[in-house]
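The following exercises are to be worked with the sequence and the coordinates at hand. Each task is followed by a solution in steps.

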Amino acid sequence: MAIYQTDLEDIYFNLFELLKVDQTAAESSDLGADDIKEIIAQLDKFIGQEIYPTREAGDKEGVKLVDGKVIVPEIFKSAAKSYHENGWMGLGYPEEIEGIPVPHSVNFLAESLCNGANVSLGLYFGLTRGALNVIRAIGSDTQKSLYTNPMITGRWGGTMCLTEAGAGSDVGALTTTATKLDDGRYKMKGVKIFISSGDNDLYENIIHLVLARTPGAPAGAKGLSLFIVPKFEVDQSGELGGSNDVLCTKIEEKMGIHGSATCELTFGDNDNCIGELIGNELEGMQNMFIMMNEARLLCGIQGESQAQMAFQLTKQYVNERVQFGTEIINHPDVRKSVLKMRAMTRGMRALSLYTGDLFDRVKKSPELEGEIALLTPVCKAYLTDYGFQVAVDAIQLHGGYGFCSEYGVEQYARDLKIASIYEGTNGIQAIHFVMRKILKDGGKAFGGVALKIQQTVKKESGDRWQKECALIATVMQQGADIVRQFGEWAKGKEIDAILGGSTDFLTFCGHLVMAWRLMESAQVASIQLDAGASGEQQEFYQSKIVDFEIFCHNYLTANLGLAESILKFKDSYSSLKI
């Protein structure tokens, strides 16, 4: 049977040789490279011993609604308790609030390790962290002092409550109301659906961030405000009171993430649900986007992390499984499939950690805000789409055993699929990417990334990667042509043509950005090889070069067809009958 395994060598390569996060850490803390490596090693050990064993057991037990109480898998409780007691929730936060101030990329890695081991359990931590970050960003001093410590220490959990029946992704259509009371608080009333971690018995209290409409507010998203609505009443000293009239009225039965409580929540069924405004009235959407953008990046991490584990389990299996007199890794089709999986998963990690690193570098270079905004939908959609494909490939390579539950790989496909659906479906991400991050931006951020890619390619000369560099140059020209064509269609109000090509173009850009990150990795590896790396180090660095080449040959080449489809076969999809 396959065991928990992490590619720490590749992780350290990305963090220290490629991104040089120890230099970033030195600017804001006393943490050095050895300190960060020790943190990662200890976290990885904890994840392997405490979190990974809960994955399959939690999936089988699932979540139950018993007498109005949501009961999570029993095995989750001790793991969650240990997670908080060991201070892992504090990664990325300042020391004054009991945090460990590691760089953002390290925090992204921590999220990855946890979600790869058990995404259902990781969701409880992730939603709490997201709600806490909103409170720290826009909450009043009183709200920060009241909620920060209980949430970071694991006594209280958190959620975000947007979706309603009939509204779905159209958030502006929601109808939950918030009516102001004489004391400045609000009476909440409404029903939210598909709320991840909406209720559970892991925490003493749950702090819901709820989008609602105040009386007389404008229609649509502009009329929404954001409210803190605890499950149990909280007084000004932080003591818990009685029920705040927030009830879980349904648990969703799902394809995957069975250990995650996906709830229908009813607010104010007895007209006794009280909330408090966070931020300014009518600024609910922009305030909630703090958490939504973080959640979208977390979705990308869910795709990347589970693909990593699916690959690790597959790598072990194909080296052990014997068919036709040899281990199946020795069959060319299998070897090619495994190499493609490795190139994809390593590229996914490289893109995710690079994006995390931007959050530190943007402090000195504000212009990187545009690059973060551009890469957020790419991470969300591309990493979840291809993470799911890696999980499917893992099942295929396990054969009949993969389709059965014995080796645990089919769970990754079931658990991973939701990541391309929630927090804005990948189709919506593609539209958002093209319409807002490229056309509305005038292509500025897109051009900035393209310039970085060109600078990377320019480092190469001679025969090395001649074909790959030529392919990247062709793809970049096609990308510029597509952006130009989208601009012309926008001027001509041919919006259907843009929307019809948006998903293909996001995939196109995902392939291109991944090739770039893998090329930079290959360049760093080449320098080490030229410097005389030997033994296992030589083998690892050589594998980084292979990753880049395999990715270009098997994934980046798809962009040639995608560009042809977008540019030469425009259809008015709205006029086509089904």
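**Exercise 1. A charged pair and its surroundings**

Does Arg185 count as buried, partly exposed or exposed, and at what relative accessibility?

Solution. The model is a predicted one.
Step 1. The relative accessibility of Arg185 is 40%.
Step 2. The side chain of Arg185 meets that of Asp183 in a salt bridge, with an N to O distance of 2.8 Å. Side chains of opposite charge can pair when their charged atoms come close.

**Exercise 2. Two further salt bridges**

Determine which accessibility classes apply to the partners in the pairs Arg55 with Glu56 and Asp360 with Lys363.

Solution. 
Step 1. Glu56 and Arg55 form a salt bridge through their side chains at 4.0 Å, N to O.
Step 2. Arg55 has a relative accessible area of 2% and is buried, whereas Glu56, at 27%, is partly exposed.
Step 3. Asp360 and Lys363 form a salt bridge at 3.6 Å, N to O.
Step 4. Asp360 is buried at 10% relative accessibility, while Lys363 is exposed at 59%.
Step 5. Salt bridges with shared partners also link Asp7, Asp10, Arg342, Arg346, Arg349, Lys544 and Asp547 into one network.
Step 6. The count of salt bridges comes to 27.

**Exercise 3. Surface patches**

Identify the residues that form a negative surface patch and those that form a nonpolar patch on the surface.

Solution. 
Step 1. The negative patch consists of Asp30, Asp34, Asp35, Glu38, Glu95 and Glu96.
Step 2. One of these residues, Asp30, is placed in the loop between α2 (21-26) and α3 (33-51).
Step 3. Asp30 has a relative accessible area of 79% and is therefore exposed. Membership of a patch requires over 30% relative accessible area and no salt bridge.
Step 4. The nonpolar patch is made up of Ile431, Ile495 and Leu499, which together have about 200 Å² of accessible area.
Step 5. Leu499 belongs to helix α17 (residues 495-530). With a relative accessible area of 34%, Leu499 is partly exposed.

**Exercise 4. Backbone angles**

Where do Ser197 and Ile257 lie, and what are their phi angles?

Solution. 
Step 1. Most residues other than glycine have a negative phi, and most peptide bonds are trans.
Step 2. Ser197 is not a glycine, yet has a positive phi of about 60 degrees. Ser197 is located in the loop between β5 (186-196) and β6 (205-213).
Step 3. Ile257, likewise not a glycine, has a positive phi of about 35 degrees. Ile257 is located in the loop between β10 (246-251) and β11 (262-267).
Step 4. The relative accessibility of Ser197 is 2%, so Ser197 counts as buried. Ile257 is buried as well, with a relative accessible area of 3%.

**Exercise 5. The whole chain**

What radius of gyration would a compact globule of 578 residues have, and what is the value for the protein chain?

Solution. 
Step 1. For 578 residues, a compact globule would have a radius of gyration near 25 Å.
Step 2. The protein chain has a radius of gyration of 24 Å, which agrees with that expectation.
Step 3. Along the principal axes, the C-alpha atoms of the protein chain fill a box of roughly 75 × 60 × 50 Å.
Step 4. The protein chain contains 19 helices and 14 strands, and 56% of its 578 residues count as buried.

Technical notes
Residues are numbered from 1 along each chain as its sequence is written. This is a predicted model: local features need pLDDT of at least 70, side-chain atom pairs count only at pLDDT 80 or more; totals for chains, interfaces and linings use all residues. Side-chain values use heavy atoms; hydrogens and water are left out. Buried means under 20% relative accessible area, exposed over 50%, partly exposed in between (1.4 Å probe, protein chains only). Patches are made of residues with over 30% relative accessible area and no salt bridge: like charges are joined within 9 Å, nonpolar side chains (Val, Leu, Ile, Met, Phe, Trp, Tyr) within 5 Å. Accessible areas come from the Shrake-Rupley method with a 1.4 Å probe; for residues, only the protein chains shown count as cover. Lys and Arg count as positive and Asp and Glu as negative; His and the chain ends are not counted. The place of a charge is taken as NZ of Lys, CZ of Arg, CG of Asp or CD of Glu. Helices (H or I, at least four residues) and strands (E, at least two) are DSSP runs, numbered from the N terminus. The radius of gyration is taken over C-alpha atoms; the globule rule is 2.2 Å times the number of residues to the power 0.38.
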